[in-house]
Amino acid sequence: MPRWGMIIDLDKCTACQACTVACLAENNVPFAGPEETSMGRAILWHEVIGGIEGEYPDLWATFIPRPCMHCDNPPCIKVCPVGATYRREDGLVMQDYDQCIGCRMCIVACPYEVRYFNWRNPQWPEPMDQYLNPDQGPPQPTGGRGGPDVRPRGVVEKCTFCVHRLEKAERKAQQEYREMSEQELTLLPACNQTCPASARYFGDLDNPKSTVSRLARGARAFRLLEDLGTEPKVIYLKEGR
Amino acid sequence: MATTAMKTKRPSLTGLITLGILGSLTLLGVGTGIYRLLTGLGTTTNLSDAYPWGLWIDFDFALIAFSGGAFTLCALIVIFNQRRCEAVERLVVLTGWLGYVLVLVLLLVDLGRPDRFYHFIMYFNHHSPLFEVCWCILLYTIVLTLEFAPVVFEGLRKPKTAHAIHRFAVPIAIIGVTLSMMHQSTLGTLYLAMPTKLHTLWHSAMLPLFFLISSVGMGLSTVVLATLVGHRALGHKISGETMSVLDSMGKASIFVWGIYLLLKLEDLLMAGQLGEAFAFDTQSVWFLAELVIGVLLPIILYAQPWVRKSQGGLLGTALLTTLGTVLNRFNTVLVGQKVVEGASYTPHWMEIAVQVGVLAAGILAWYLAASFLPIFLRDRLALQSLQE
């Protein structure tokens, strides 16, 4: 069983936010108007977080693209009173929208703040409501995913590492009796596919030959809030200065 | 069902006005609550992903600590065999029971999907502190219902049923104390999960212990508050025996809050954060306010014999403790939270309306129950003489 992880090379990243936009479109994330956004209620499964480091006059800007870390030891799973958040065998941390009661304990507990509550019914301005992605949705009994999946008001949602695309690619590879190629895997999540700087990689962290595990072992690799012991599976590569 | 209290006492004009105000606030709260259930949290609250928990959770925490009076008193009576405390038991159990019912109502209103409230019974995640809290609150509310049921049945003139339930008082009380100690401390455990978000003045490995001890300390003051306010509001005279019970509650409070203060200081010293407590920034001021109002002042006041002997002194000190405990929970839920820059939270008027409505409903129900049920010794004796 693979253990999916992501590498983001901060040296290559240009903070263009294409990943953020691709994620919104791929996963049918509802639009948030200026009012909701100013209230801190915009849903962004993927965000590019800017910051300033150092001390004046020696300052530099940092930009960190931040999807869900899909931790191996996730606090969100431990605190959910109804087990609506679970970890799949392949390491993806998923949310069951039918089981979630909307207590928001996971939002409180997630140190990376990657969990979002649906404060209102999801809305898209015209004509965006005509462009919802039909591939992304709950698993179907016949295989594949039905869609477009729209999360109801009152539940928590989060990044899935584009699980619907992953499952589709896995199925296709299986039908063709082959393994998924490195190139295929790297372009799997929508944020990776859209990255114009090719700063992102996706693959099996447990496969010592894969690009992601090779990069994760490198000297530049680090993870966010590592000392918390959450074991995040999104690994960053330090930028050179 | 009518007892002597109802027959002999005619509500005064101020009493009627108070009841009218409480009734209107309850109606407003119920209306707003229904609107919130229909339209969702987005339209009725100012909560956000930076502040996912707000006013309601704060009052949940404070109400649970406040209702800790019931388990503290039951532990004193059943486990420490302080039978003289039975004089105030019924009033305190009623207060605790209503407190927990209000907590359940508030939790339901606060859920994103209130229609799925039963999920924690169906889907187990035994790792989750909130799972334990949900179960304990549910079970403890049932325990409190059983503890209060004999009073209701006595009021309904069914002494045999009341007696039958009362026979199990000891095991019920022990279960209640166990459940309380579990969830009172686990409320602190909820906040252990956020070392990056909760300010170091509040985040500590001893948080569960702090919550448990402060719930006992608050509980002792709840006994004082419920007894004094109950007797005054319903025009009953407080006997010397009752005053001596309250005097003991004051003495016990010194001990409990003393331990709390020592542990808190030790915790700050060990973590090397005593300096932060006196930094006099926003967090430190709130932190000191909570400790001075809720812990230090009550210890000093309760240590004075004249305070423990006077009703006003006891009432004032118990109110200080309540304010301090509310502050402590408020600080943990809101003030102590580190959030992204620019995020802020001020409760929406509908949040306040629901909160005030819930509290008003609680006070109203408490007043009515205390008026019509044999809570006070005089009513019980009158009822017994009627039955004989």
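Some ground rules. Residues count from 1 along each chain as its sequence is written, and chains are lettered from A, with ligands numbered from 1, in the order in which they are written. Because this is a prediction, local features need pLDDT of at least 70 and side-chain atom pairs count only at pLDDT 80 or more, while totals for chains, interfaces and linings use all residues.

Chain A to begin. It has eight helices and 10 strands. Both kinds of element are DSSP runs, numbered from the N terminus: helices are H or I with at least four residues, strands are E with at least two. The C-alpha atoms fill a box of roughly 50 × 45 × 40 Å along the principal axes. How does the radius of gyration of chain A compare with that of a compact globule? Chain A has 18 Å, and a compact globule of 241 residues would be near 18 Å, so the two agree. That radius is taken over C-alpha atoms, and the rule is 2.2 Å times the number of residues to the power 0.38.

Burial next. A residue is buried if 20 or more other C-beta atoms lie within 10 Å of its own, exposed if 12 or fewer, and partly exposed in between, with C-beta atoms placed from the backbone. By that count, 42% of the 241 residues in chain A are buried. Contacts need C-beta atoms, again placed from the backbone, within 7 Å. Take the contacts in chain A with a separation of 6 or more: 61% join residues 24 or more positions apart.

Now the sheet. Four strands of chain A form an open sheet in the order β8-β1-β10-β9, with mixed pairing. Two strands pair if DSSP finds at least two bridges between them. The edges are β8 (200-204) and β9 (221-222) of chain A, each pairing on one side only. Strand β1 (residues 4-9) of chain A runs parallel to β10 (residues 234-237) of chain A, over four bridges. In that pair, A:Ile8 has A:Tyr236 as its bridge partner. With β8(A), β1(A) is antiparallel, through five bridges. There, A:Ile7 stands opposite A:Tyr201.

How enclosed is β1(A) by the rest of the structure? Largely, because six of its six residues are buried. In a regular strand the side chains alternate between the two faces of the sheet. Here both faces are covered: A:Trp4, A:Met6 and A:Ile8 are buried on one side, and A:Gly5, A:Ile7 and A:Asp9 on the other.

There is also a hairpin. Strands β2 (residues 47-55) and β3 (residues 58-66) of chain A run antiparallel, joined by nine bridges. Two residues link β2(A) to β3(A). A:Glu47 is bridged to A:Arg66.

Over to chain B. It has 18 helices and zero strands. Its radius of gyration is 21 Å, close to the 21 Å from the globule rule for 388 residues, so it is as compact as a globular protein of that length. The C-alpha box is roughly 70 × 50 × 45 Å along the principal axes. Buried residues come to 47% of the 388. Among contacts in chain B with a separation of 6 or more, 83% are between residues 24 or more positions apart.

One point on B:Leu19, in helix α2 (residues 13-39) of chain B. It counts as partly exposed, because it has 15 C-beta neighbours inside 10 Å. B:Met270 is 251 residues away from B:Leu19 in sequence and 51 Å away in space, C-alpha to C-alpha.

Next, where the chains meet. The contact takes 30 residues from chain A and 29 from chain B. On the chain A side, α4(A) gives the largest share, four residues. That side divides into 20 nonpolar, five polar and five charged residues. Nonpolar means Ala, Val, Leu, Ile, Met, Phe, Trp, Tyr, Cys and Pro; charged means Asp, Glu, Lys and Arg; the others, Gly among them, are polar.

Last, the core. A nonpolar core is a set of buried Ala, Val, Leu, Ile, Met, Phe, Trp, Tyr and Cys residues joined through C-beta atoms within 7 Å. Which residues touch the most other members of the largest one? A:Cys106 and B:Leu94, out of 161 residues. Helix α6 (residues 86-110) of chain B gives the most to this core, 13 residues. Of the 25 residues of α6(B), 19 are buried, so the helix is largely enclosed by the rest of the structure. Contacts of A:Cys106 include A:Cys76, A:Val79 and A:Val156, leaving out residues up to four places away in sequence.

How values were computed:
Contact = placed C-beta atoms within 7 Å.
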